[in-house]
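Here are some notes to read alongside the model.

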Amino acid sequence: MAAQVEEEPDLPEEVTESLETFHEALGKVEDVFKPLLETSVDDLKEKMNPLQTAKLDLVVAYAINSMFWMYLTTQGINPRQHPVKSELDRIKKYMGKVKEATEKKEASVRIDKGAAKRFVKSALWEPSEKEKTSDDGGETSSHKEDSKNKSEKRKSEGKLAKSSEKKKRKR
């Protein structure tokens, strides 16, 4: 038995090119959906967090409605006047909400590196140029002044503590 080859009807070249492009696009869609169709949805959702599950549900719903839109177009029905238009708009609205939730989640995890550097830099002590080039080789004068101020402060705090103890004893 010899294989019979059907003759293609004579179609204009533009239509033939459009059909070939459509056939290629349909093959790509099949390739994309093949992994989804081979595994069960429950198995996929088990491995996902709630945000990913919502994204998957929205993508599937959008894809189905988009294909129905294409079907309506091929049947000569205006999909803009069909309820599928409002369904696609509803799905887009929920996609926006999921996107906002994703951005909020990422924003809470994100660290402002510039602010962190400024915070750490301001918390660290840096010697001034005068202190770096001190001639005496030992403690710098500003460091000596800081030490002197600190010791005076401790002494005054000690005096305050002693005077408050004396007042308590007198009572």
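**Notes on the pocket and the salt bridges**

1. Helix 3 is the main contributor to the lining of the largest pocket, giving 6 residues. Helices here are DSSP runs of H or I with at least four residues, numbered from the N terminus. This is a predicted model, in which local features need pLDDT of at least 70 and side-chain atom pairs count only at pLDDT 80 or more, while totals for chains, interfaces and linings use all residues. Residues are numbered from 1 along each chain as its sequence is written, and side-chain values use heavy atoms, with hydrogens and water left out.

2. The largest pocket holds about 220 Å³ of space. A pocket is an open set of points on a 1 Å grid over the protein atoms alone, where a 1.4 Å probe fits, with protein on both sides within 12 Å along at least five of seven lines; lining residues have an atom within 4 Å of a point. The volume is the space filled by probe spheres set on the points, which are joined across faces, edges and corners.

3. The lining of this pocket comprises 15 residues, and those closest to the centre are Phe33, Leu36, Leu37, Val60 and Ile64. At least two lining residues come from each of helix 1 (13–38), helix 2 (41–46) and helix 3 (50–74). By class, the lining has 11 nonpolar, 1 polar and 3 charged residues (nonpolar: Ala, Val, Leu, Ile, Met, Phe, Trp, Tyr, Cys and Pro; charged: Asp, Glu, Lys and Arg; polar: the others, Gly among them).

4. How many salt bridges does the structure hold? There are 3, a salt bridge being a side-chain nitrogen of Lys or Arg within 4 Å of a carboxyl oxygen of Asp or Glu. One of them joins Lys45 and Asp57, with N to O at 3.0 Å. Lys45 belongs to helix 2 and Asp57 to helix 3, so this pair ties together parts 12 residues apart in sequence. Lys45 is partly exposed at 27% relative accessibility, and Asp57 is partly exposed at 37% (partly exposed lies between buried, under 20% relative accessible area, and exposed, over 50%, with a 1.4 Å probe and protein chains only).

5. Lys85 and Asp89 form a salt bridge, their closest N and O atoms 3.5 Å apart. Both lie in helix 4 (residues 83–109), 4 residues apart, which means a separation of about one helical turn. Lys85 has a relative accessible area of 31%, and Asp89 has a relative accessibility of 35%.

6. Glu87 pairs with Arg90 in a salt bridge, the closest N and O atoms being 2.7 Å apart. These two are 3 residues apart in helix 4, again about one helical turn. Glu87 is partly exposed at 27%, as is Arg90 at 41%.
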